[in-house]
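Work through the exercises below with the sequence and the model open side by side. Try each task before reading its solution.

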Amino acid sequence: MPDSQNNSASAPFLPLAGKNVVLGVTGSIAAYKAADLASKLVQAGAQVDVILTESAQEFIGKSTFAALTHRPVTTGLWEANSPLAIDHVSLALNADCIVVAPATANTLAKLALGLSDDALGATVLATAAPLVVAPAMDANMYVSPAMRQNVETLRGRGTTVAEPGEGRLASGLIGKGRMQEPANIVGLVRQAIGRNGDYSGRKVVVSAGGTQEPIDPVRFISNRSSGKMGYALAEAARDRGADVTLVSAPTALQPPAGVNVLSAHTVNNMREAVLTASKPADLLVMAAAISDFSPVEVAAEKIKKNGSGLTLELAKNEDWMPLATGPRLVKVAFAAETGDAAFKARSKVESKGAVFTVANDVSEAGSGFGTDTNRVAIVDATGATEQLPLMDKLAVAHAILDRALPHLK
Ligand SMILES: Cc1cc2nc3c(=O)[nH]c(=O)nc-3n(C[C@H](O)[C@H](O)[C@H](O)COP(=O)(O)O)c2cc1C
């Protein structure tokens with residue numbers, strides 16, 4: 001488990017615990033969103049040092065960030081908040097990641113050129129830490145040839161560019177230029193910090209959520225899976241350097257940033273997407289709750305409320321996890337059971353061709369569907385069972401990845 005696993009039992013897992021993040025805020029209308037970003041980074045466990053450009057201070061004050069981060073805020077090259085008394089060098093040396101959000105056209109141009117005439121430029125130039133930028137500007141500025149070139153220059157140096165979204169901009173224009181949501185930027189910071197982690201160079205496929213088997217055009221059979229365990233696995237693998245594909249049944253969750261998300265509603269959609277994505281992968285974790293039964297017939301029209309009731313004939317779905325193969329593929333199965341989950345999971349290790357099964361008793365309090373915590377047992381091919389304590393699902397995800405890693409080819 002990475003050093004960010006510093007939390008006790010079921011306490012929230014802080015993915016940025018022990019990490020120093022420098023947040024550069026520049027002179028864009030979107031500067032107000034940087035306060036939310038600072039707060040989210042702090043809540044994820046990071047120590048956050050904010051640098052405001054001169055223009056940023058026209059939009060938002062340093063007191064906001066000082067209060068949110070409990071740290072001094074740097075606003076110029078000639079301040080001396082740090083023990084070194086050379087703030088930009090001190091911040092640059094200590095940083096695990098520098099994120100510039102919002103990033104103006106002006107600052108992006110300066111960063112592409114390597115200018116250091118302000119505290120932010122000097123800090124970026126003086127660091128070896130990964131850089132994440134979240135451009136925010138009017139649509140015409142973002143598509144301008146100069147901007148395209150600057151963004152490509154930064155990308156070419158390994159900078160993560162949080163592509164702006166499309167929508168109504170402050171100017172009233174509709175176009176691409178809105179800063180990405182702070183939650184996504186936190187995800188990209190986590191990914192940038194973990195870029196060289198123990199899953200670096202590995203392709204990981206995770207399935208998540210409960211599939212929906214149609215009865216008619218408006219109704220379906222599904223299950224209580226929220227998708228939280230699978231999403232946590234996708235985030236954990238991303239945070240450890242993996243190239244992650246998340247095959248997701250419909251959920252209420254936001255797609256994790258920096259992860260390739262494929263949506264799959266039905267068992268058949270899921271099967272096709274997982275089998276294809278798994279071929280070149282190193283690891284498949286089947287956390288999705290796949291319907292065991294599907295209606296034999298799907299009505300073309302909405303079934304009317306005639307008569308006294310409705311009898312559905314259901315057919316058992318074939319278990320296709322054994323068909324997921326690839327030259328390097330290692331598989332981890334999940335077994336959601338009620339009552340002695342570990343015992344019931346034992347038979348699934350071999351039948352699914354998995355190196356181990358993650359068993360969870362979904363009838364237990366704080367465990368299983370919809371909760372933020374889970375209490376699982378890892379059951380391997382020999383039948384050996386390791387019971388893990390009740391933990392945040394992100395901590396469970398890291399524990400699963402820890403145990404899968406030695407099996408990878
Ligand atoms: C009201 C207002 C809003 C602005 N919003 C943006 C913006 O969203 N994106 C941008 O690139 N520049 C924007 N600018 C222009 C920048 O503030 C200007 O280029 C400034 O020099 C940026 O300095 P900095 O990059 O050092 O923060 C805005 C200017 C004003 C007056």
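Two residues are in contact if their C-beta atoms, placed from the backbone, lie within 7 Å. Helices (H or I, at least four residues) and strands (E, at least two) are DSSP runs, numbered from the N terminus. This is a predicted model: local features need pLDDT of at least 70, side-chain atom pairs count only at pLDDT 80 or more, and totals for chains, interfaces and linings use all residues. Residues are numbered from 1 along each chain as its sequence is written.

**Exercise 1. Judge the confidence and overall dimensions of the chain.**

Step 1. Start with pLDDT, the predictor's confidence in each residue, from 0 to 100. The chain averages 91, and 93% of the residues score at least 70. Residues 1-7 fall below 50; beyond near neighbours in sequence, this stretch has 21 contacts in the model.

Step 2. Check the dimensions. The radius of gyration is taken over C-alpha atoms, and the globule rule is 2.2 Å times the number of residues to the power 0.38. For 409 residues, a compact globule would come out near 22 Å; the chain has 24 Å, which agrees. Along the principal axes, the C-alpha atoms fill a box of roughly 75 × 50 × 40 Å.

Step 3. Count the elements and the contacts. The chain holds twelve helices and 21 strands. Take the contacts between residues at least 6 apart in sequence: 66% of them join residues at least 24 apart.

**Exercise 2. Is helix H8 mostly covered or mostly uncovered?**

Step 1. Find its span. Helix H8 (residues 182-193) has twelve residues and reaches 16 Å from first C-alpha to last, close to the expected 16 Å. The expected span is 1.5 Å times one less than the number of residues.

Step 2. Apply the burial cut-offs. A residue is buried if 20 or more other C-beta atoms lie within 10 Å of its own, exposed if 12 or fewer, and partly exposed in between; C-beta atoms are placed from the backbone. H8 is mostly covered, with ten of its twelve residues buried. Among them are Asn184, Gly187, Arg190 and Gln191.

Step 3. Name the cover. It includes strand S1 (20-25), helix H1 (31-43), strand S3 (97-103) and helix H9 (228-239).

**Exercise 3. Trace the eight-stranded sheet.**

Step 1. Write the order. This open sheet runs S12-S11-S8-S13-S16-S17-S19-S20, with mixed pairing. S12 and strand S20 (385-387) are the edges, each with a single partner strand, so one side of each has no neighbour in the sheet. Neighbouring strands are turned by 15° against each other on average, direction ignored.

Step 2. Examine S11. Five of the six residues of strand S11 (residues 243-248) are buried, so the strand is largely enclosed by the rest of the structure. Strand S8 (residues 203-208) and S11 are parallel, over six bridges. Here Val206 has Leu246 as its bridge partner. S11 and strand S12 (residues 260-263) also run parallel, joined by four bridges. Thr245 has Asn260 in S12 as its bridge partner.

Step 3. Find an antiparallel pair. Strand S17 (residues 356-361) and strand S19 (residues 376-380) run antiparallel, joined by five bridges. Thr357 stands opposite Val379 in S19.

Step 4. H9 lies across S8, S11 and strand S13 (283-286), at about 165° to S8. Helix H12 (residues 393-404) lies across S13, strand S16 (330-337), S17 and S19, at about 140° to S16.

**Exercise 4. Where is Ala335, and why does it count as buried?**

Step 1. Ala335 belongs to strand S16.

Step 2. Ala335 counts as buried because 24 other C-beta atoms lie within 10 Å.

How values were computed: Pairing = 2+ DSSP bridges. Axes fitted to C-alpha atoms, helices over the stretch in contact; angles between N-to-C directions.
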